[in-house]
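Here are a few exercises to work through with the model open beside you. Try each task before you read its solution.

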Amino acid sequence: MRKNSRRNRIAGVILILLMTVMLPFRSVSANDGYNYDRNDETYATPEAYEWTASLRAEDLGIESLNGISDMFYRDGRLYVAMMGRILVLDSEFQQVMVIENDVTYPRSVYVTEEGDIYTAEQSLGAIVQYDSNGNYVRSLVNPEITGLGDVTYQPVKAVVDDAGRIYVKAQSVYEGIIELDPEGNFRRFIGANDVNPSLLEIFYRSIATREQISRMQLWLPTDYSDITLDYDGYLLATIQEASTKEPIRKLNGTGEDVMQTYEYITGPVGDHEGGATISTLISVAAAEDGRFAALDSQESRIFVYSEDGLLAYTLGGSGSGIGDLSSPIDIAFMEDYILVADTVTASIEVFSPTEYGNLINVGLRYQRDYDYAAAAECWRQICDITPASIIANMGMGRYYMRTGEYEAAMASYERTGERAFYSDAFAMVRDLWMEDNLGAVILVVIAVIIVLWLIVFAIRKLAKKGVFEGKGWVKVLRKIRYNAFTWPGYMMSKPFKAFDDVKYEGAGSVGFCFVILVLFAWTAVVSAQYGSFVVNDSYGSRVNIPMVLVSTVLPYLIFILGNWAVCVLIDGKGNMKSIFKVLMYALYPSIYLNLAATLLSQVITSDEIALHGFLVGLGMVMFVFYAFVGLVMVHQFTFSKAVGSLILSAVAMVIIIFIGVLVVTLLTDFVNDIGTIIDEVRLVL
Amino acid sequence: MKKRNKIIQTAAILMGCLILGGCGEEVQEGPAYTERTPGEPADYSGSEFISLAQGETMELLLNPDDATLRWQNMESGDYLDTRLMDAESGDTTLRSDVVASFFNGGTRNDSMYNTYDSMNSYEYGIETEGVAYEQLDNGVRVVYTLGSDAVTYEMFPYRITDERINELVLQYLDDFQIQAFEMQYRQLSDGSWLRQTGEDNPLSGMAATQLYDIFYNVGQYTYEELEADNTEWDRLDEMPEVQEIVIAMDYYLEGDELVVYVNVGEISYNEDYPLRSLDILPYFLSTQETDGYLFVPDGSGALIDLDSTKTREYQFTSRYWGGDVLQNAETYSSTTPHMSLPVFGMKTSDYAVLGIIEEGAEVATLNAYINGSYNNLPYSRVSLSFAIRESQNLGSFVSALVNYSQRKASTDTYKGEIKLRYSFLTGDDANYSGMAKAYQSYLVENGTLTASETEEEAPIFLQLLGAVDVEKYAAGIPYDGIEALTTFDEAETILSELTDLGVQNMKVEYSGIANNGINQSGVESVSIMSELGGRSGLEDLVEYAESIGSDIYPELKLQTTNLGKGLARSNRSFFISGQVAEIYSFDPVEHMPYLTQQELEVFHTYIVSPAYLTTYLSNFTESYNSLGIGNLASSDFMTFFSANYQNNANLSITNAIPAYEESLNMIAEQNSLMLSNPSSLAYSQVDYLTDIPTQNSGLRVLDASVPFIQMVLSGCKTYSTETLNQDSYDVTEDVMRAIETGSALKFRLMADETSALEDTSLSDVFAAEYDAWRELIGTHYQAYEEFYQAVQGASLVRHEYLDEDRELVYTEWSNGVTVRLNYGDESAVIEGTTVPAASYIVQ
């Protein structure tokens, strides 16, 4: 292959890294790079790896690359398994040797640190070992595997750990990965996939006939698609099945998945929707620096993750351009290169890091060596280019926490979406601030209280003198005071009496109730928009205001309608107006509590989330209590009848929603049909 | 209809040709080509080549027996034939100089078709003796009458009595055939049989052939019987009409150049089977050699080696000038070839041929096949196909009887001319440099290119980003806000700082400064954004730029808008399916088009309908000229063309192009124009060409990039590279490419930080911060200026790769200056001079 490379020349820190980075001359924008932000939305990134070369059979000194199935790189040697041979190349892609004797059609190749070469010969049912010179050593055939039943043993992947234990992935074996001892005897299965049928499935199976069950899919645990050993000795395995939540696993010696997981960041799953993969992951590879990569055969795309399971970058993609892939089957890390074996073009595609990719790689390497300051230089540049990068912001956050720049750490962690990390940084900021300003805070609080007291005192004094009598604005203010404070206060302290007044004396203002409704909806918007990161799930994503408004207000309105309908039926005495008043006044405390909670959210850490929850919850409890009391009073129900009416109201709400949805659906269909007819007519004309 | 006879005939002619193949070269030159009367029938006969015309070095010969035209170099004896009579393949396309494709299944009334068929000039013309010659100055007109044997439902009775069908057909059939018959005919209660297929439910493919066999070959049915049946059931209007295409192809020499001319408007065909496309000279530029290359004008220009083994890759196919942007708009493609120049070519070990499409480029598709990729035929070739009637697949339909895809064809068809010109290049010119020179002198001769005044200092193109809209919030309520990226004041600072660094002659393409910024609304009325400093701010900036010898070119999209505002729905282009057309963006994960504005950072791109374009741009011109700037840049104008399929007002791409040309002339009248890699149609009016690619599009099947466009433009126009700082701060190599191709440097800059672009439509701009570039631009400009002074006023006349990996490049300029470039990672000797790795030497 031609070595199309040169020294990387980027400004700043990279120069001191003393790393020879192979950068190709040709840069073609084929499939664009992208990554996922904290809201799982994609954002564009520069290409992290770019195509450097296509190695075809003629470049490698063999007649064909047909049936290329697996690649493995260790210590300057690249091993390529294909039909009838194993090809060994050096780091310049020059042929070192070709093993053809005793090779049928190896589906995988693995090389131990000692240089022993192991292949999985699917058709022979054998793991075959060669020495480092390519001489045949032994075949491990048909181990006695308990519980395999009629299934023929067809190994397709085999890896060998330091202790000589052999891990085998065999075709149609669902019990997990087969572990053989160094002599090739079966020891056990590890990493078995549990079957997790949903409740509905279990229910359905229990009532289905035998015929139906036979037609249903078998309850088979998912099958691993590829396995490899990473450099820390963990077994990395991929599962090729849509909508799996953990399609890439990192198994320890006991078969337990030890992949780093996060509360909010989606782990290593390829492309995803709702936390579950939509990729078809068929191959996995591990790099010496802890990175690992998985290959999606559906979009011919490669996902590279950091050691701690964060998506570093994507590369590849299907297409007919340079750097696009047609039908990739296997990937491998080779120093800085990423190699992809493609079966349609019968080639090995070589990718090497760009400036951007190199920054991430170097940052990760420093981080692995606990040199957070050096890593931060890389992350800072990444953040300049792609501010949404989770991996870079995570690194920056860690660095700032160490240097004590907690506010900066907060900002970085906020970008990652991990609330616990953010909260830790925030707690530090808050504590430091309190330490510095405690005295001042106390003084300010006392001053405010005194000023307020003075104002109240002055107003009272003036009122006594009759200054406010007969003035128009005073009347308005008084009316507001009455509606907003006096009457609600009365209602809260004496709910039974107050709601009785609503029933018989028409107390309470409908107009003010509408104000309550609007204010309540507004508090929902405010808390969605300004609630702090710790408590706010929609933080940083675009808030759909109309949606927030509708989802806040609509349930109450439907309840009013449902309750009114039910109570008309069961002889409740309340009319629509009084029900509305009751509910709105019951909601009134929530406005204050929600605002207070939103304010409070700005000063709490995730350990203190309960406080925020308490305020919001208190509002709901008060609403339930006052609404219940109010409804009892306006309908003149007994306790049990009131409870019954509420249950019926809930049923009525469901019916109203059902009818509403039905009408909307029918209308949409109708409009669509009319549209289709118009289109058809237009096409014919 | 007698297929068997045809095969015998084919074989006979084939044999004849094989025998004749040898004698062709020994033809005596006959001086019979001056006294002919154009248009008169000519009675050429015989099975030997006769000479029709002679130029200085080239001669045109005709073999009257099989209508083969031979274009021969009289010095070397090298020749190209319009048909490969000695080919060993049974594929008669090899022996054809034209292949006509037409729709055959479907309904004419609503232009819906689901199948098409084709006839080539050999099998349906030569073999059936449907060929005649007419006299022509320096050439010959070959008139083909192509007859079709396509089977249609009309060849079978609409209804037939049980008695007659048994007598004529059924008694001869076996069970299997009866079964097949019953698939197509249903027995009514009176015993008669009713045909299941018809106009709305066409018969095609295997079923058609089988039914034809059942009726006419196995059975004893005939056209007379068909007429009898149709008379009985009053269906005489359904008698089958056979497709007959009469097409005249002119071949003549102009000097040494061969011209091939077809007047599409004069082609006659059966209106029920409308003409779909024409493949002209599919094997004229073909070879079995392995030394040489095919030339396609993709990107800067691209070569496909004749010894390429990439048969498993997608083969090259592309429409000139991007074709109709409405076609396949919903399909994502990672790599899209783009051809700005209407040329193609081939080089073998002995000679090179350049083809120029003089007329019809907008409907032409260029296909390049490497040896073994097309039907395993051992020919490398470039060939052209011309779309006469555009159509678009609407979807696939499955019914009980058939499974077909429905195409809707445009009612507006190509009625213009197709004119191809071939130049034969030998000696030192027999390569892509020679092709470029030949094309340049062709453009200079017809007035498209004129030698420009040379600029004293090296020009540098700076694209400044003005403003972009982004969602902002007020008390929780979102609204569209404007993010000013580079204000006019900041632009002035940038220009003055760069001037201090020695950068001169800056051509500033200032984007996003009017009508809502980068996401632009309609421009019938232009208003400069107040967020950037308003009209007076712009005027100050223009004045300042002039004072330092630089120019401001406000950049506007002239044939698209990103917002619906300012472009009424009825003035937009429509897809053939009847929807408003858009140029879609695709999501990066699954590559589905963003059909609605779900994601706020994804904006629409609507297309101004070509029917409205002149009005739109005349309004624009009026408004824009009143600003008094006199310079205008556009990133979309003339870079692609759109048809419009709105309701009945179908306007195909070919008939839309005059609107674009008229608009161009109107705008250029009062403005100096800067366009982004426009179609060659715009060359005569444009002053500065930006974004001229220095590479090909990156398709895997292509083997090399060559600076063909640059060789054509150099000495005549000022042109720039594509934006160098796309996503990287290291542009050393790109600057080398600029020096290799003589392109001015182009940078994209903004005063704001990259993070300001988050969640805007510019979120894929990663390296445009001016602060990071200031010093680098100064350095790169100095390097380029040094080179520029050496080649100032000269044109690039030779470009050559000197090694197999194409890392060592040697270029020569018309003033004798040479440039040696080494893209490798080791120093190398180029034409006697050692050049260090990743470096170049100007001498």
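The exercises below go from a whole chain down to single residues.

This is a predicted model, where local features need pLDDT of at least 70, side-chain atom pairs count only at pLDDT 80 or more, and totals for chains, interfaces and linings use all residues. Residues are numbered from 1 along each chain as its sequence is written, while chains are lettered from A and ligands numbered from 1 in the order in which they are written.

**Exercise 1. Work out how compact chain B is for its length.**

Step 1: count the elements, and you get 14 helices and 44 strands in chain B.

Step 2: box it in. Along the principal axes, the C-alpha atoms of chain B fill roughly 100 × 75 × 50 Å.

**Exercise 2. Describe how H10(B) packs with H11(B).**

Step 1: find the helices, H10 at residues 610–625 and H11 at residues 653–670 of chain B.

Step 2: The angle is about 10° and the axes lie 8 Å apart.

Step 3: name the arrangement. Angles under 35 degrees count as roughly parallel, over 145 as roughly antiparallel, 65 to 115 as roughly perpendicular and the rest as oblique, so H10(B) and H11(B) are roughly parallel.

**Exercise 3. Are Glu335(A) and Ala838(B) buried or exposed?**

Step 1: Glu335(A) sits in the loop between strands S25 (328–334) and S26 (337–342) of chain A, and Ala838(B) in the loop between S43 (833–835) and S44 (839–842) of chain B.

Step 2: check the backbone. Phi is near 50° for Glu335(A) and near 50° for Ala838(B). Most residues other than glycine have a negative phi.

Step 3: count neighbours, using C-beta atoms placed from the backbone: 20 or more others within 10 Å is buried, 12 or fewer exposed, in between partly exposed. Glu335(A) has 13, so it counts as partly exposed. Ala838(B) has 21, so it counts as buried.

Definitions and conventions: Axes fitted to C-alpha atoms, helices over the stretch in contact; angles between N-to-C directions. Helix = DSSP H or I, 4+ residues; strand = E, 2+ residues; numbered from the N terminus. Rg over C-alpha atoms; globule rule 2.2 N^0.38 Å.
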